[in-house]
Amino acid sequence: MAQFGFENDIHSILKLDMPITNAPMARWQRKASSSAMSSLSPMKASNASQNSSKTPSKTPGKGKKVTPSKMGGDRYIPYRNSKQMDIASFLLAKENESGDAKTPGASESQKALSVQLNGYNIEDAKILHLGGKPLNAPEGYQNNLKVLYSQATTPASVKKNRFISSTPDRILDAPDLRNDFYLNLLDWSSRNFLAVALHDSVYLWDASRGDIILLMKMAHEEDYICSLSWTKEGNYLAVGTSDCKVQLWDVENQKRLRSMASHTARVSSLSWNDHVLSSGSRSGHIHHHDVRMADHHITTLNAHSQEVCGLTWSPDGKYLASGGNDNLVCVWPRVQDGSISNDSQTVRCWSEHQGAVKALAWCPWQANILASGGGTSDRHIRIWNVNSGSCISSLDTQSQVDAPSETMCCGFMHHTKIKLYNGHEDRVLSLTMSPDCTTVASVAGDETIRLWKSFELDPLKKKAKDKFIKSTSGVIHQSIR
């Protein structure tokens with residue numbers, strides 16, 4: 001009997017007649033609860049033909065297998081509230097209702113009922129809802145895509161357009177200026193003094209102060225000035241005259257140091273290379289003068305058959321370029337110290353020009369590159385490589401090239417016309433550049449000198465240059481007055 005009693009106790013313990021308090025809700029209970037809730041929602045009216053116990057057969061995004069992207073990065077998964085989705089389905093079904101069933105009174109009552117049941121107006125409900133604030137990036141994090149998609153312009157992408165005025169900054173009168181293509185009547189010193197030859201006189205214009213100084217005048221009225229050239233230091237000025245002489249003037253003391261006679265015709269071109277002064281004559285000869293020696297004439301160069309109207313030394317002092325009325329461009333080697341010769345040979349000699357060559361300019365950054373410009377019959381600017389002897393480029397300017405300038409070589413190396421100035425009423429005879437390389441001075445047959453602001457200058461370099469010019473020009477101005 002005791003054995004049967006023990007078995008009965010076991011069966012009574014294992015019986016499930018008593019409710020389980022901590023167990024989850026049964027499935028039929030969950031369905032009954034869901035049906036009761038759906039009977040109170042507005043969806044009952046639009047889905048009357050359907051069984052209230054059934055849930056929507058399809059939900060947005062259900063049934064599609066979503067896999068994470070293989071390209072990397074995080075997928076955006078919005079927070080979807082079940083109540084919001086039910087409201088979205090109701091709004092979609094409500095759009096199919098006829099407009100006759102909607103009245104202003106009913107809409108107001110529905111709005112009030114929606115606010116009481118849901119806590120907000122269904123018309124303003126959102127299907128997607130993002131909750132919480134985004135996390136801050138870790139310290140030191142940099143987004144590499146920020147630069148790629150940034151709209152802010154970087155310094156490299158900003159194209160700076162340099163403004164160049166089309167009107168001259170200043171106009172100076174040059175009365176009695178000789179309108180002669182073969183003469184070189186203008187030069188600007190490193191101490192900011194502009195020298196100009198007006199018939200038989202040489203005038204200096206102090207660009208820092210604006211003062212005008214008469215430096216010298218020829219003894220005879222029939223004689224005239226043919227060429228001017230400053231030394232590198234800017235304290236001495238060489239003057240070529242029509243009476244076949246070359247005069248050397250001390251500007252600080254306003255005194256002529258010497259008069260050198262060696263030519264047999266007027267001296268129309270001059271160029272300095274340290275203590276050696278080269279002069280070109282109408283006879284076609286080029287003379288080298290060592291101004292330190294009493295017997296100054298050290299070398300004669302013979303290649304031109306007509307007047308030498310263009311003469312310039314290269315920046316490194318290695319080559320001398322000459323142009324003549326015989327359409328030739330010649331390049332000569334440097335003069336050796338202490339040598340006296342009458343048989344110097346040219347390094348190069350080009351005859352491609354079809355007119356007189358007066359305009360000559362060396363490239364500032366490539367000492368072996370030379371630019372030459374032809375006269376009325378030629379009208380071309382040609383760029384030469386002295387080492388190879390080849391013509392790098394050629395450009396038809398549609399006009400005679402009268403004035404030599406370093407900017408000619410810089411601009412036409414790539415056939416680039418930076419600016420066209422219109423102001424002179426007659427042909428331009430000479431060009432020269434200011435010591436700070438910001439202003440170009442031009443003199444023309446209309447008896448005017450025009451100053452053109454063409455190039456910008458770094459503020460720090462301008463301050464240092466002005467300080468140097470002020471200290472040097474002040475001494476010159478005081479001594480002359």
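Residues are numbered from 1 along each chain as its sequence is written, and side-chain values use heavy atoms, with hydrogens and water left out. Because the model is predicted, local features need pLDDT of at least 70 and side-chain atom pairs count only at pLDDT 80 or more, whereas totals for chains, interfaces and linings use all residues.

A nonpolar core is taken here as a set of buried Ala, Val, Leu, Ile, Met, Phe, Trp, Tyr and Cys residues joined through side-chain atoms within 4.5 Å, where buried means under 20% relative accessible area, exposed over 50% and partly exposed in between (1.4 Å probe, protein chains only). The largest such core has 34 residues, and those with the most contacts inside it are Leu194, Val202, Leu204, Ile225, Leu228, Leu237 and Ile449. Among the elements that give two or more residues to this core are strand E3 (193–198), strand E6 (225–230), strand E23 (439–444) and strand E24 (448–453); helices (H or I, at least four residues) and strands (E, at least two) are DSSP runs numbered from the N terminus. E3 gives the most to the core, with six residues. With contact defined as heavy atoms within 4.5 Å, and with neighbours within four places in sequence left aside, Ile225 is in contact with residues including Leu183, Ala197, Val202, Met216 and Val239.

Strand E24 is largely enclosed by the rest of the structure, because five of its six residues are buried. Two strands are said to pair if DSSP finds at least two bridges between them. Strand E1 (residues 170–173) pairs with E24 in the antiparallel sense over four bridges, and Leu172 stands opposite Ile449 in E24. E23 and E24 also pair in the antiparallel sense, over five bridges, with Val440 opposite Trp452 in E24. These two strands, E23 and E24, form a hairpin with three residues between them, and Glu447 in the turn has a positive phi of about 65 degrees.

An open sheet is formed by four strands in the order E14-E15-E16-E17, with antiparallel pairing. Its edge strands are strand E14 (308–313) and strand E17 (348–350), each of which pairs on one side only. E16 and E17 are paired over three bridges, and Val331 stands opposite Arg348 in E17. Cys330 lies in strand E16 (residues 329–333) and counts as buried, at 0% relative accessibility. The C-alpha atoms of Cys330 and Thr346, which are 16 residues apart along the chain, are separated by 6.5 Å.

Rings of Phe, Tyr and Trp (its six-membered ring) pair if their centres lie within 6.5 Å, and planes under 30 degrees apart count as stacked, over 60 as edge-to-face and the rest as tilted; by this rule the count comes to three aromatic pairs. Phe181 and Tyr182 form an edge-to-face pair, 5.2 Å centre to centre with 85 degrees between the planes; Phe181 is buried, with a relative accessible area of 8%, whereas Tyr182 counts as partly exposed at 23%. Tyr319 and Trp362 form a stacked pair, 6.3 Å centre to centre with 15 degrees between the planes. This pair links distant parts of the chain, with Tyr319 in strand E15 and Trp362 in strand E18, 43 residues apart.
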